[in-house]
Amino acid sequence: MSYEIVAYQDKDHDKLVEIWHKAVVHTHTFLTEKDIQFYHDIVKNGALKEVEIWVDMNENTEPAGFIGLDGKKIEMLFVDPKYHGKGIGSRLINHAVKLKGRNLQVDVNEQNEGAYAFYKKIGFDQVGRSELDSSGQPFPLLHLELKS
């Protein structure tokens, strides 16, 4: 399989929103449909243009996953569920390290145990916790940093 990581292009916007939705439905089982719709509207209506997006393209040159960076902070990392466990998330993190250095930070929903385990395996440590997410919703966040 040949994969390539490329910079965000507007032509891929709808596909990335679709990947986001599939991944959230698959991994964020603690969210209601109303919650998912709330965040979907945020992602669809501009969140992808507020951060630096890098896209992992599959063997058919279609997006398989993406990472959104704001400086050294990972604001989003989503992989199409059909590609989970195939190294895309790790590749995107490694790409971010090449661009930004090892002192990356990320917030993970406390209820998303799979994401927490993924980041911990890569070398992230918990450095804090918040009761509310960045939208003020009651979904606790774990604040993580990549070990040097």
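**Aromatic rings and overall fold**

Trp20, Phe66 and Phe78 form one aromatic cluster.

Colleague: What counts as a pair of rings here?
Modeller: Rings of Phe, Tyr and Trp (its six-membered ring) pair if their centres lie within 6.5 Å. Planes under 30 degrees apart are stacked, over 60 edge-to-face, and the rest tilted. This is a predicted model: local features need pLDDT of at least 70, side-chain atom pairs count only at pLDDT 80 or more, and totals for chains, interfaces and linings use all residues. Residues are numbered from 1 along each chain as its sequence is written, and side-chain values use heavy atoms, with hydrogens and water left out.

Colleague: How many aromatic pairs in the whole structure?
Modeller: The search finds six. In one of them, Phe38 and Tyr39 have ring centres 5.0 Å apart and planes at 80 degrees, so that pair is edge-to-face.

Colleague: Is Tyr39 buried or exposed?
Modeller: Buried, at 14% relative accessibility. Buried means under 20% relative accessible area, exposed over 50%, partly exposed in between (1.4 Å probe, protein chains only). Phe38 is partly exposed at 37%.

Colleague: And how do Phe118 and Tyr119 sit? Which angle do their planes make?
Modeller: Their planes are at 70 degrees and the centres 5.1 Å apart, so this pair is edge-to-face. Tyr119 is buried at 5%, while Phe118 is partly exposed at 24%.

Colleague: New topic. How many helices and strands?
Modeller: Four helices and seven strands. Helices (H or I, at least four residues) and strands (E, at least two) are DSSP runs, numbered from the N terminus.

Colleague: What share of the chain is buried?
Modeller: Buried residues make up 44% of the 148.
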